[in-house]
Amino acid sequence: MAWIRLTAAISTGLLLAAGGIPAASAQTPQETAARPADGQGAPPVTVRLVTGDRVTVTPGADGRRAASVEPGPGREDIVFRTYQEDGGDLTVLPSDAADLVAAGTLDRRLFDVSTLIAQGYDEAGTSALPLIVSASPRGGVAQTTAKSEKAAAAVADRVAAFNEASAPARTLASIGARSLRVADDDLGAFWKALNPGDAEGTARAAATPRVWLDGRVAPVLDRSTAQINAPAAWKAGYEGQGVKVAVLDTGVDATHPDLAGRIAEAKDFSGSGNTVDHFGHGTHVASIVGGTGAASSGSRKGVAPKAELLIGKVLGDDGYGSESQVIDGMEWAAAEHAKVVNMSLGSDDPTDGTDPMSQAVNTLSASGDTLFVVAAGNAGENGDSTIGSPGAADAALTVGAVDRDDSLASFSSRGPRLGDKAVKPDVTAPGVGIVAARASGTTMGDPVDANYTAASGTSMATPHVAGAVALIAQQHPGWTGQQLKDALISTAHTVPGTKVTAQGGGRIDVAAAMGAVTATGSVLLPAVQLGGDKQQSATLHYTNTGDKAVDLKLSVALANSDGVALTAGVVAPGASTVHLAPGASADVPLSTDPKDAKRGAYYGYATATGADGTVLAHTTLSLVVHAPQHRLTVIARDRAGKVLPGWLPTIWGQDGFVSYTSADPAVAVVEEGTYQVDFSTLDNASDGQELVEVINPQLKVSKDTTVTLDASKVTQVRIRTPQPAEQRGILSYQTYRRIEGHGLIQGVMFFDVAKRIYVSPTAQVTDGTFEFASRWQMTAPQLRAKVSGTSAPFVPYYLPASPVFDDKGVRLTAVDAGAGTAADLKAAHVRGKLAVVRYDFGNDADLAKAAADAGAKALMLVMPEGFFPWTRWQPEGDRLALPVMRAGGHRPAEARR
């Protein structure tokens with residue numbers, strides 16, 4: 001027997017769920033979050049992650065945001081890491097999802113709580129999470145095999161069973177995927193089915209189907225036809241006759257005088273059960289494309305008033321829809337052989353063009369002659385690189401908005417595109433104060449009268465371009481979608497003073513596009529590296545559809561965002577002149593020579609002028625000049641100094657996060673410069689767990705480099721208090737790094753089973769700023785225990801509903817009570833003693849009652865090996881029959897992400 005001294009010191013101020021971790025510590029610069037306009041903090045909002053975890057975001061009055069996490073059942077040992085780059089969206093990433101996000105298998109938006117809230121996917125807005133699941137795994141770093149692809153397909157079939165019975169199961173053939181709506185309460189089970197845990201790292205990613213958020217899609221909200229020179233086409237007899245134009249939107253008011261008898265076919269994809277426009281956006285857009293203007297005696301007719309209109313209702317009566325609904329509508333429009341598809345809709349979340357809707361645009365464009373004309377978005381006031389989906393797609397003809405003076409609208413989203421920094425939008429068109437048809441019973445925009453309303457947005461600019469495409473398609477019925485796109489871009493009116501990345505080729509000019517000379521619309525030149533070799537990078541194609549020969553003079557000019565011109569000769573055409581016979585075409589090679597270039601992104605035009613100096617066509621050009629690039633090999637070692645195979649530590653620099661080109665070894669190709677490299681682990685100790693942050697905040701790369709992040713070199717973060725104290729509640733830490741004007745906040749939070757934090761000692765950072773901060777919730781010890789006859793530490797934990805000992809403490813004799821059955825308790829003579837029971841996860845209340853009935857003073861549950869005894873005591877609620885504690889048990893040492 002052993003004598004045990006137990007003393008209680010209970011704090012009643014403990015959080016019952018994971019406590020709030022501010023998105024910025026006290027040491028973090030104020031700019032890390034935007035201040036609400038009214039200076040007041042908004043109420044907390046809770047979202048469910050695809051893993052089943054609940055995240056509550058609480059905006060503060062000072063503009064900062066706090067995230068608290070309630071893990072899903074059985075997920076209490078998961079570490080949650082937060083990311084916030086340049087004060088933008090807040091991401092909360094569970095440790096068991098990090099690999100799949102890094103590999104591109106899981107959509108990062110599934111953990112971007114700012115985006116989830118903005119799209120209405122919080123608990124107040126929806127009871128289910130909409131997803132798109134591909135049967136194929138993500139390639140790239142995760143090397144796939146026939147076996148892994150078969151496994152991924154099997155998992156995709158398995159998780160399809162989680163689709164809500166009331167939700168349509170959409171098959172999205174263009175991207176090899178299907179849509180699902182998973183109820184909030186089923187997300188934990190969905191995650192287990194998706195992630196059975198029998199593989200790790202890249203092997204796991206290779207056998208897991210891709211999963212995206214089925215993001216919310218919204219509409220991207222007289223003289224405008226003359227502004228784009230449509231009357232010249234009408235005068236020549238081109239009004240869109242025989243050309244099918246599909247409008248994917250909120251439906252249509254087919255009874256409107258401007259659209260009566262104009263709708264060839266309509267189909268609902270929104271689930272509203274009809275194609276009637278109860279919102280007003282679709283009717284307005286459809287009439288800009290092809291309305292007759294009957295209600296205005298023809299003065300407000302659309303661009304292609306005799307085109308054949310197909311209506312796909314992909315947005316509901318509230319004006320919103322999902323990505324899967326939109327893709328379904330796109331596939332229908334292509335199958336109906338629409339020559340043009342107008343999409344005055346999209347997501348304002350910037351994308352690199354690899355998202356599901358963008359993929360669908362590219363696939364459907366490549367498999368047919370359909371041209372998708374897409375709104376750039378209305379996020380221009382957020383600055384550059386604000387092009388969302390599906391406007392970011394390579395094949396899309398992406399449209400920005402200008403006012404009546406051709407000045408760029410402040411709301412018009414602009415490029416460059418995320419990732420490769422390509423020019424988007426491709427063109428602009430009138431989109432401010434556009435008067436067009438008003439659907440019956442709707443109030444969208446600023447109503448002019450019963451039949452018309454005025455509205456602004458790239459939504460209004462897009463149908464001007466779709467209508468223009470219909471006019472050119474009538475003129476050239478054999479042209480492909482790409483030829484139509486090239487014609488409009490290459491003949492558009494470039495507006496002086498507007499950046500190339502904001503206007504693309506410029507404001508469209510129908511008369512010019514229907515003229516004799518057209519050229520390649522836009523070219524993203526292959527990126528070059530300082531000191532690299534001269535190479536042919538692209539081919540410019542020129543066409544003369546006229547009946548007279550044309551001689552062109554070619555010139556090239558590019559500049560960076562500050563207006564600094566690219567050195568002459570870095571980009572050069574293979575010929576300075578081109579002769580085009582009637583009906584002929586010619587190709588001109590375009591070469592790059594980075595010898596005299598300087599690092600940066602450059603934009604401009606290859607311009608073709610006629611004999612009189614008039615610009616006849618131009619090609620929009622993009623070129624990124626990289627600093628010398630080098631291989632960066634990253635080796636991760638655990639606390640014992642052993643290599644962690646398949647680990648991909650985070651690499652971050654002035655241009656953001658860096659992706660790996662291979663996983664074994666972990667190699668990335670980076671430009672010369674300064675980077676931060678780090679990874680974290682959750683390690684097991686005899687008394688709980690330990691958080692480990694291994695970081696090199698200042699890695700300077702000037703050649704092929706190998707860096708080792710060694711967890712065996714970390715040092716413990718120690719908190720000293722004047723009185724004995726212990727960590728209770730959430731233990732968290734954050735790092736803040738700023739390089740060349742760009743900042744990154746990373747945070748890690750875990751529960752009070754975590755006993756210690758270890759972090760890499762670092763040299764003084766000289767390039768930019770680096771800060772480390774930890775947050776502890778220290779309380780007086782809740783329960784102190786001492787075993788007589790030994791000095792070894794002994795730490796028991798109260799069960800959540802346990803009554804507590806008197807503050808004076810109690811001295812008890814411990815006796816072995818077996819499994820805690822009535823017979824075991826009686827045989828152990830537990831009266832007045834501490835009954836020690838081998839715990840097998842039985843009913844705690846029943847065990848406590850049985851011990852109390854046998855006369856025990858308290859009950860100690862000894863955990864089996866492999867399980868921690870940690871619990872969090874709760875001051876509220878019904879109490880057990882006597883004080884009950886857990887002790888013992890631990891897990892084998894291992895490093896966990």
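Modeller: Two strands count as paired if DSSP finds at least two bridges between them; a strand is a DSSP run of E with at least two residues, a helix a run of H or I with at least four, and both are numbered from the N terminus. This is a predicted model, in which local features need pLDDT of at least 70 and side-chain atom pairs pLDDT 80 or more, while totals for chains, interfaces and linings use all residues. Residues are numbered from 1 along each chain as its sequence is written, and side-chain values use heavy atoms, without hydrogens and water.

The sheet is open, and its four strands are ordered β9-β10-β8-β11 with antiparallel pairing. β9 (171–172) and β11 (211–213) each have a single partner strand, so one side of each of these edge strands has no neighbour in the sheet. Further in, β8 (residues 128–134) runs antiparallel to β10 (residues 177–183), and seven bridges join the two. Ile132, for example, has Ser179 in β10 as its bridge partner.

Now for a helix. In α16 (residues 844–853), Leu847, Ala848 and Ala851 are buried (under 20% relative accessible area; exposed is over 50%, partly exposed in between, with a 1.4 Å probe and protein chains only). Down the axis of α16, these buried residues fall within an arc of 95°, so they line one face of the helix; the arc is taken from the directions from the helix axis to the C-beta atoms. They pack against α15 (822–828), β54 (858–862) and β55 (884–887), with contact meaning heavy atoms within 4.5 Å. Asp846 and Asp853 are exposed on the face turned away from that buried side. Just after α16, Gly855 has a positive phi of about 95°.
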